[in-house]
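Work through the exercises below with the sequence and the model at hand, and try each task before reading its solution.

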Amino acid sequence: MDKQRVNQWYDEYSQDIYQYALYLLRHEELAKDILQDTFLKAYKNIHQYKEENTKGWLFTIARNLCLDHIRKKHPINYMMDTVPHSSRTPEQSLHTSETVKELYAALGNLKRSYREVIILRKIKEFSVTETAMILNWNEAKVRTTLSRAIQALKKRLEMEGYEHETL
Amino acid sequence: MKHYDELDEQLKELDEHYKLNETDQEQILVQLNEKMDLNNSEKKSHWKPLVATGFAIILLIVMIPLFIQNSTNEASVTVLPESFDYQSVKWELELGMTPSEILEIIGLSEPSEIIESDQGFVTYRFDQGIADGYVIEEDYVDIDGLINEKVGMQVFIRFDENDEAKYISALDKIDAGINHYHLSENPGAPEFITEQTISDQHEHIQFFHIEDYVFEVPSLSFLQQYDPHFKEQFVSMEQFNAEQYDEIYDFLAWSVLKHYRAGDQILIEETIHSLEYESNGDFTYIEVGPIEDTQFWAFNGDLTDRFTVGETLRVKLDVIPFSADGLYVKFGSSVDDFPNIDDHLVD
């Protein structure tokens with residue numbers, strides 16, 4: 001029964017979880033590992049599941065796994081949180097448009113808290129309350145950080161040659 | 001000029017371009033279900049220890065003949081001759097060679113393992129110096145085996161659809177770590193070689209994804225600017241970045257730090273733009289660097305009470321070897337966590 005439920009969640013949310021981990025870690029294979037581990041952990045901890053927000057609960061698990069990875073598996077690049085990852089798939093290079101690649105790169109070059117709040121609020125479209133729950137922040141911090149994060153992203157994009165009508 | 005007035009829309013579009021393909025999605029689900037079944041059976045085993053013990057005895061009886069048979073098979077596993085060493089891989093094997101040409105040069109009739117990827121590519125794996133009784137369970141790099149000296153060297157040769165060697169990679173355990181040689185074609189550099197030394201503390205993620213990933217290395221012209229000298233003065237992040245910038249490939253080649261040698265220290269002086277404590281991971285982000293391109297350093301613990309915005313911070317970063325010959329270096333640390341700022345502060 002639990003297994004069936006996890007399978008249903010996987011059908012519904014696997015893309016979202018994968019993309020979240022990918023944007024956060026910027027590594028396809030790691031994102032796949034996080035995806036699998038998220039649902040396995042959900043299965044093992046299903047007794048902690050509360051019916052109200054499945055997606056938010058799964059994102060919380062995924063985030064903790066990502067943080068765990070960043071803390072423990074990257075001793076070399078620990079100092080520079082913005083270091084671009086050294087490997088990339090050829091497919092990514094060939095089939096993704098320039099604009100999307102620039103946006104992906106600009107997002108990836110933001111500090112992690114900025115990246116996280118943009119991913120959750122703007123890409124995955126979680127509410128402020130849901131985002132606050134996943135990030136373990138209060139709602140005011142979500143709002144202020146999002147505002148700063150968007151400014152930082154625009155600054156990054158300006159460096160890449162983007163323009164905007166009004167500042 | 002590109003516009004970001006529709007930034008919200010463009011961000012939402014990202015998902016369309018970074019989707020997990022259906023094959024991988026299904027494969028991960030299959031593995032997930034297997035693991036859930038395994039977890040389930042483990043749970044059951046706690047409830048039924050007597051049944052489990054009985055089953056184990058039966059299993060043991062059934063497995064003994066199989067184990068004996070396996071032991072016999074293990075003895076006949078093909079291994080790379082000791083005479084064909086790391087240098088032989090570098091100098092005798094070339095891209096474009098066919099499987100039979102490679103086997104002839106090595107002097108074997110078959111590789112230790114033939115690995116077929118989901119994409120249909122074939123990779124030959126050759127193992128050398130396997131400890132008695134040790135069984136390699138990984139298809140690709142057995143990093144644990146190498147680090148623990150259960151495996152002396154592993155060579156991987158991947159062939160393309162024309163049965164020609166597309167990349168040649170070797171991992172050789174030495175006292176200082178692991179030599180890594182990787183020869184492949186690359187659109188930016190027609191041919192490149194990386195040699196990396198990986199110590200126990202710096203096991204690198206590249207090894208786990210050798211099959212489907214390309215590794216970015218600096219351009220040859222960047223490397224030719226190599227001018228090692230010991231730095232004794234403080235530099236800003238802007239100056240440091242400018243030194244490491246590879247104009248041809250348009251990226252910061254932090255992985256080679258061409259002006260430094262292993263054992264040097266990079267001395268950086270910067271003004272703190274912001275401090276932010278992450279309670280979840282118990283570390284503090286310190287924002288420094290030129291305002292148009294700030295960097296975020298992460299240090300262990302809550303430092304928000306200890307430092308203030310606008311304060312000047314002087315830190316030293318250790319330069320560690322990255323390649324076997326020590327010519328390639330990078331900054332790093334042997335710690336398996338965020339560093340303590342006191343280890344890096346300079347008065």
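Axes are lines fitted to C-alpha atoms, for helices over the stretch in contact, and angles run from 0 to 180 degrees between N-to-C directions. Helices (H or I, at least four residues) and strands (E, at least two) are DSSP runs, numbered from the N terminus. This is a predicted model, in which local features need pLDDT of at least 70 and side-chain atom pairs count only at pLDDT 80 or more, while totals for chains, interfaces and linings use all residues. Residues are numbered from 1 along each chain as its sequence is written, and chains are lettered from A and ligands numbered from 1 in the order in which they are written.

**Exercise 1.** Describe how helix 5 of chain A and helix 1 of chain B cross, and name the residues that meet.

*Solution.* Begin with the axes: those of helix 5 (residues 98–108) of chain A and helix 1 (residues 7–17) of chain B come within 10 Å and cross at roughly 105°. The two helices are therefore roughly perpendicular, a class that covers angles of 65 to 115 degrees. Next, list the contacts (C-beta atoms, placed from the backbone, within 7 Å): Val100(A), Leu103(A) and Tyr104(A) meet Gln10(B), Glu13(B), Leu14(B) and His17(B). Finally, sort by class, which gives 4 nonpolar, 2 polar and 1 charged residues, where Ala, Val, Leu, Ile, Met, Phe, Trp, Tyr, Cys and Pro count as nonpolar, Asp, Glu, Lys and Arg as charged, and the others, Gly among them, as polar.

**Exercise 2.** Work out the strand order of the open sheet of 3 strands in chain B, and say which strands stand at its edges.

*Solution.* The order is 12-13-14, with antiparallel pairing, two strands being paired if DSSP finds at least two bridges between them. Strand 12 (274–278) and strand 14 (295–300) of chain B each have a single partner strand, so one side of each is left without a neighbour in the sheet. Neighbouring strands are turned by 25° against each other on average, direction ignored. For the pairing itself, strand 13 (residues 283–288) of chain B is joined to strand 14 of chain B by 6 bridges, and Phe283(B) stands opposite Asn300(B).

Note on methods. Angles under 35 degrees count as roughly parallel, over 145 as roughly antiparallel, 65 to 115 as roughly perpendicular and the rest as oblique. Two residues are in contact if their C-beta atoms, placed from the backbone, lie within 7 Å.
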